[in-house]
Amino acid sequence: MKRTVVAISAVVLLLPLSACGGDAEAGSGSTVTVTVGYQSRTINTVTAGTLLRSLGSFEKQLNALHDGVHYKVDWQDYATGAPITAQMTAGKIDIGSMGDFPLLINAARGKQLNSPTRLVSVTGYNLRGGLNTIVTAPDSKLTSLKDLKGKKVSTSVGSAADGTLVRALQRAGIDPNSGIEKLNQQPSVGASALAAGSTDALSQFVAWPGLLAFQGKAKAIYDGARLNLPTFHGVTAREDFAKKRPAVLEAFLKAQAEATDYLNEHPVDAAEKVAKATGLPAEVVYLYNGDHGIATFDPAIKPQLVSALKQDVSILKSAKLTGDLDVDSFVDDQYVKKALGTTAYTKHLATKPAPAASEAWPKGASKTVTFDSPSKLLRYVAGHRDDLRAAYVPDTTTGTLWFADKAVWVADGDRLLPFVAPDTAQAYIAGHGGARVVSYADALERAS
């Protein structure tokens, strides 16, 4: 999405499975168990998983149904979308959340097994593709995609991160099948391989690239936003469950909307809650889910995202992970439209991501400080070095937020400009005579 080293979980999904039951119910009489599959550490799904669970919003919505049924929610946490899909098609998970490429495999698998699923809402998205990043070791001499030719690159085949890798290599003139040695690995395994030197680069989805960069274990080599193609995470539900219990699905989507509002209104607190539940550093969670984070959260299924999903099909087909897919029949926004209300849903469709901005997160603060230029942020950082948890800056070209001390800085006259990756910085320098790369320490000195 070729020489793979490990048997791929996405392909396993396409092998025959025996049907394992229908509606997820437990007990007897008026007790119904609703099973939700989520990915706690894939933090762009938190409004349908980790944060939603932490707030207890779904249980509250179910209690408010007053339909004489006692509902129990069974939360099942997974590392990727593949096992969620396997459990859904076996009738053991009712609602699940995952990234765009796994969503398509979910649709294909459901159709294949005559257990159709539907995309019913969106969690986090980035209209340029910034949720996926290719990183390499901190001391690596690799600086661009062209340097990956003939190298070992770890990714999770069938994931959005693999899709980014394939597209990025193609644009760099490298055959994604024969031009690199692709290692199909779970994110944690790939991270360990990068640290051990058994792979040269790692292409992964949120929150792995940011986490490794924050820990000083990796540096970005490619910002997925350079593709300028939307990527997102969403919620899928079994069609038979949705038809049998539409009020329950609507309750879930109302709860998701509540969690979304909470995240957007209290981004620092939401980051702390997710960090506590996942063990991830709150600073990393905020990089993606913060006020000006890489992800924008909105449950509406925007046309731009559906269009991108259709373009993703060709990548999965070329990897023989799916055949032809009818994306329009997979997308079903009737439930989220009802949950939000038609008028509100129309407004959601028209909303746009917040403009990029630099942010500083002071220690002990419940809010970040926003700046209208990276230079002003640097000036602030220079005077508060011992009082900051993190400082963030948007890439000058793509708008992707990144840690200020991990960014590639360019001095262009009096301007100090940050970039996520070296090749993006070099592309800027090529078009701006006199511009040059400077160290973070130099940037701070120039700004103070």
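Which strands form the six-stranded open sheet, and in what order? I read the order as β2-β1-β3-β10-β4-β11, with mixed pairing. For the labels, I took helices (H or I, at least four residues) and strands (E, at least two) as DSSP runs, numbered from the N terminus. Two strands count as paired if DSSP finds at least two bridges between them.

Before going on, I noted that this is a predicted model, where local features need pLDDT of at least 70 and side-chain atom pairs count only at pLDDT 80 or more, while totals for chains, interfaces and linings use all residues. Residues are numbered from 1 along each chain as its sequence is written, and side-chain values use heavy atoms, with hydrogens and water left out.

β2 pairs with β1 (residues 31-38) in the parallel sense, over eight bridges. I picked out one of the partners: Y38 is bridged to D77 in β2.

Which residues does T296 touch, leaving aside its neighbours within four places in sequence? I get T123, G124, Y125 and P353, with contact meaning heavy atoms within 4.5 Å. I also looked up T296 against S373: the two are 77 residues apart along the chain, and their C-alpha atoms are separated by 21 Å.

**Four-stranded sheet.** Next I went to the other open sheet, where the order is β13-β12-β14-β15 and the pairing is antiparallel. β13 (369-371) and β15 (401-403) are the edge strands with a single partner each, so one side of each has no neighbour in the sheet. Neighbouring strands here are turned by 25 degrees against each other on average, direction ignored. For angles I use axes that are lines fitted to C-alpha atoms, for helices over the stretch in contact, with values from 0 to 180 degrees between N-to-C directions.

I counted the links between β12 (residues 358-362) and β13: three bridges, antiparallel. E359 sits opposite T370 of β13. Helix α17 (residues 374-383) lies across β12, β13 and β14 (388-394), and runs at about 165 degrees to β14.

**Helix packing.** How do α4 and α5 pack? I have α4 (residues 82-89) and α5 (residues 100-112) at an angle of about 25 degrees, with axes 10 Å apart. They are therefore roughly parallel; the classes I use are under 35 degrees for roughly parallel, over 145 for roughly antiparallel, 65 to 115 for roughly perpendicular, and oblique for the rest. From α4, T85, M88 and T89 meet P102, I105, N106, R109 and G110 of α5. By class I get three nonpolar, four polar and one charged residues. In that tally Ala, Val, Leu, Ile, Met, Phe, Trp, Tyr, Cys and Pro are nonpolar, Asp, Glu, Lys and Arg are charged, and the others, Gly among them, are polar.

I then followed α5 to α13 (residues 303-318), where the angle is about 75 degrees and the axes are 10 Å apart. That pair is therefore roughly perpendicular. D100, F101, L104 and I105 of α5 make the contact with L309, D312, V313, I315 and L316 of α13. The classes come out as seven nonpolar, no polar and two charged.

α13 also meets α6 (residues 160-171): the axes come within 11 Å and cross at roughly 80 degrees. These two are therefore roughly perpendicular as well. I listed G163, V166 and R167 from α6 against Q311, D312 and I315 from α13. This contact has two nonpolar, two polar and two charged residues.

**Backbone spots.** Where is A207? I found A207 in the loop between β8 (201-205) and α8 (208-214), and the peptide bond from V206 to A207 is cis, with omega near 5 degrees. N114 is in the loop between α5 and β4 (117-126). Phi of N114 is near 55 degrees, a positive value in a residue other than glycine.
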